[in-house]
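Good morning, everyone, and thank you for making time for this.

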Amino acid sequence: MSDEFMNCLNEYCHTFKRKAETYNSYLREIQIAESWAGEDISSFDRSMATEYKEYLLSSGLRATTISKKMRVLSAFFSYLESKKVVSDNPFFQIATGETCLNYDPDTIEKDELNIEQALTNIYDSGHYDIYIFAMIVYRLGCKQEDLSKLRIPDDVEFDGKRYSLVLHNYPPFQFSRRIILPLDMTELFARYIQAIPPGYLFLTRNGTPFNRHQLIWALKKYGGITYRALRLHAQVNLLKNGVSPDDVSYAAGTSGRWTKRYVSVAKELGKSIAD
């Protein structure tokens, strides 16, 4: 690995406070890929990344193991892309395939009804914390990882009309982001934060920060829908309602490439997309 890439790996782990084991894991996966290719990792393009995945599949490794390897490399290249060290991430979405482009518009509209019903069921069950968490994901497309870090009062702002949340740096961003909650959530959110003590905004019953499992459990129990569906619908709905792809990407905490994929889905729904 080149000195430039090595410096970026050190910087990446330092910026996002990765543990030593994580650094070693990233370094190991890069070295394994370089050993297979017989070339520096910087020479990888989309074709080589695909061939590398095929090699891993033929070696008898479990699909979950291969997926983890691809995600490690993709995460590192996403950082390199954000720093303009590389112009493209050759490992982008190789681990998960190209499924979202095949999302049928009719399926999206049908799923939306299921999502609305699931959210209503969660609210009626009295799980208000899960409901608000899910609503933020559904309305803005935010990542669970971002929301779980929120603390009150430090990361919650109110301008007299709307609440804003300060989401801390998380890949692909290296800076904190401020997102504004929809106006119709103001009253419910105000009641929620008044009822909880200072500390993490979303806590499990064990007193630990919220994680995706609570949301997945509730969505499955009360509506048979997925966390991924919430985020997909959020971004498609924002796009079809005229929000620019850059603003959608900013709120959701995703790279612009992800958002561009949802633009095509939103266009299929017959809506105009902002430039």
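Let me begin with a term: contact means that heavy atoms lie within 4.5 Å. A second term concerns the elements I will name, since helices (H or I, at least four residues) and strands (E, at least two) are DSSP runs, numbered from the N terminus. Please keep in mind that this is a predicted model, in which local features need pLDDT of at least 70 and side-chain atom pairs count only at pLDDT 80 or more, while totals for chains, interfaces and linings use all residues. Residues are numbered from 1 along each chain as its sequence is written, and side-chain values use heavy atoms, with hydrogens and water left out.

As an overview, the protein has twelve helices and five strands, and 46% of its 275 residues are buried, where buried means under 20% relative accessible area, exposed over 50%, and partly exposed in between, with a 1.4 Å probe and protein chains only. Of the contacts in the protein with a separation of 6 or more, 63% are between residues 24 or more positions apart.

Now to a pair of helices. Which residues of H6 meet H8? Asp129, Tyr131 and Ile132 in H6 meet Leu188, Phe189 and Tyr192 in H8. By class, this contact has five nonpolar, no polar and one charged residues; Ala, Val, Leu, Ile, Met, Phe, Trp, Tyr, Cys and Pro count as nonpolar, Asp, Glu, Lys and Arg as charged, and the others, Gly among them, as polar. H6 covers residues 128–140 and H8 residues 186–194, and they pack at an angle of about 135° with their axes 11 Å apart. Axes here are lines fitted to C-alpha atoms, for helices over the stretch in contact, and angles run from 0 to 180 degrees between N-to-C directions. That angle makes H6 oblique to H8, because angles under 35 degrees count as roughly parallel, over 145 as roughly antiparallel, 65 to 115 as roughly perpendicular and the rest as oblique.

Let us turn to the sheet. An open sheet of three strands has the order S2-S3-S4, with antiparallel pairing, and two strands pair if DSSP finds at least two bridges between them. S2 and S4 stand at the edges with a single partner strand each, so one side of each is left without a neighbour in the sheet. From one strand to the next, the twist averages 25°. Helix H11, residues 245–252, packs on the sheet and touches S3 and S4, its direction making about 105° with that of S4.

Is strand S3 mostly covered or mostly uncovered? S3, residues 163–167, is mostly covered, with five of its five residues buried; Tyr163, Leu165 and Leu167 point one way, whereas Ser164 and Val166 point the other way. Three bridges join S3 to S2, where phenylalanine 158 stands opposite tyrosine 163, and four bridges join S3 to S4, where arginine 177 is the bridge partner of leucine 167.

Finally, two backbone details. The peptide bond from isoleucine 152 to proline 153 is cis, with omega near 10°, and proline 153 is found in the loop between S1 and S2. Lysine 84, in the loop between H4 and H5, has a positive phi near 60° although this residue is other than glycine, and at 73% relative accessibility lysine 84 counts as exposed.
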